[in-house]
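Thanks for making time for this.

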Amino acid sequence: MISPKRMRGAMRRARRIVASGVESTFGMVLPMSRSPLHREGLPAPVTNALFSRIEVDDFEALSPRLSDEDRAYWTQLEPGSVNWKRTALHYSVRYGLEGSGARAGLTAAEPPSDVHAMGRGSLAAGGSIYHADLIFATLELAGVEIPIGGRVLDFGCSSGRVIRVVKAYRRDLECHGCDPNEGAIRWANENLPDISFMVSPQRPPLASDGSSFECVFAISIWSHFGPEAATAWLAEMHRLLTPGGLLMLTTHSFGSVAYYASKRLRPVVDMRAVLTSMLGTGFGFLPMFGTKGDWGIIDPDWGESYISPEWLLNHATPQWEVLLYRTRANEDNQDVVILRRRDVGSP
Ligand SMILES: C[S@@+](CC[C@H](N)C(=O)[O-])C[C@H]1O[C@@H](n2cnc3c(N)ncnc32)[C@H](O)[C@@H]1O
């Protein structure tokens, strides 16, 4: 039998652990971000390349123009850091510095509030440089490149915040975007002229020929599909890509449960259900969008999904070669996966 003294010691230790972590739905402790699974410090090839196109004088002209809020943010950044350069690029678009945004290849068109967009305001001006960095940094880490003049598709592009920066960075690429949200696609077609956009269906197939893209990327798309849609669209990506073509996608996984739990962004009861389901089947799904849908997109297989690496491996192989799996690499939350189309049976 455990003595009262040892019991008191154990209780004190347990309290210390709980204080340094987050009590989970199972009464266990999820470690706080002191020891997260994610790895920091991805390269920023897009930020660096776009920044190098801008003149130093451009930034001297920037400071007097900033709003108080934007100046407060700007002055606490470390000069020369990736975040400082990226912010300078966004601000040069937002504040219309003569020529600088254009030299970087970024454009100022901004979706109005009734058009779907995942980011708004000064730090979204010109598009998502962060996500373009994420795409090219993870491709680089995987040791692969999109060939010169390649055709790329931003699958689930909304109003184009990512593909517009990809086009600014790699002017040689033939850029396409698709999304079921008609308003977002209409706006993108009218405002981002160097890119082709199309409305896509909720279920495959897309109206594109097989083997027609060298690379598809999908930011925060497999983080929403239910298991049937996730499986069907994976097969459709295989059809759309050229042999050896690259698919970069992001998922919610175990790290996202830790992220949402530690920040208390989701109800404990939902995270408990997700974990139970992930441990049992590899897949957790929360139907998030209710009767109004996601900006009008009503689909029982579109909600918030959590995919274990095991589920992904079992569904992606052997048709795909897994080139990279990086936990919580997208905004400290979603996992990033890079797959290469294989043709099973071929050498
Ligand atoms: C979380 S947003 C991400 C948008 C974009 N990738 C970005 O990062 O800005 C999810 C997008 O997926 C779109 N979507 C909904 N159902 C889809 C489907 N079946 N196939 C492709 N995209 C879908 C939504 O309309 C929305 O624009």
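This is a predicted model: local features need pLDDT of at least 70, side-chain atom pairs count only at pLDDT 80 or more; totals for chains, interfaces and linings use all residues.

**The α11 and α12 pair**

Phe254, Val257, Tyr260 and Ala261 in α11 meet Met271, Val274, Leu275 and Met278 in α12, where contact means that the C-beta atoms of two residues, placed from the backbone, lie within 7 Å. The residues of this contact divide into eight nonpolar, no polar and no charged, with Ala, Val, Leu, Ile, Met, Phe, Trp, Tyr, Cys and Pro counted as nonpolar, Asp, Glu, Lys and Arg as charged, and the others, Gly among them, as polar.

Residues are numbered from 1 along each chain as its sequence is written. Helices (H or I, at least four residues) and strands (E, at least two) are DSSP runs, numbered from the N terminus.

As for geometry, the axes of α11 (residues 254-262) and α12 (residues 268-281) come within 11 Å and cross at roughly 165 degrees. That makes α11 roughly antiparallel to α12, a term used for angles over 145 degrees; the axes are lines fitted to C-alpha atoms over the stretch in contact, and angles run from 0 to 180 degrees between N-to-C directions.

Is α11 itself enclosed or open? Eight of its nine residues are buried, so α11 is largely enclosed by the rest of the structure; a residue is buried if 20 or more other C-beta atoms, placed from the backbone, lie within 10 Å of its own, and exposed if 12 or fewer. Just after α11, arginine 264 takes a positive phi of about 55 degrees.

Glycine 210 is exposed, with 12 other C-beta atoms within 10 Å, and, leaving aside neighbours within four places in sequence, is in contact with Arg239 and Leu240.

Turning to the ligand, 20 residues surround it, the closest being Met118, Gly156, Ser158, Ile219 and Ser220, on the criterion of a C-beta atom, placed from the backbone, within 6 Å. This shell has nine nonpolar, eight polar and three charged residues.

Finally, the protein has 13 helices and eleven strands, and 41% of its 347 residues count as buried.

Notes. Angles under 35 degrees count as roughly parallel, over 145 as roughly antiparallel, 65 to 115 as roughly perpendicular and the rest as oblique.
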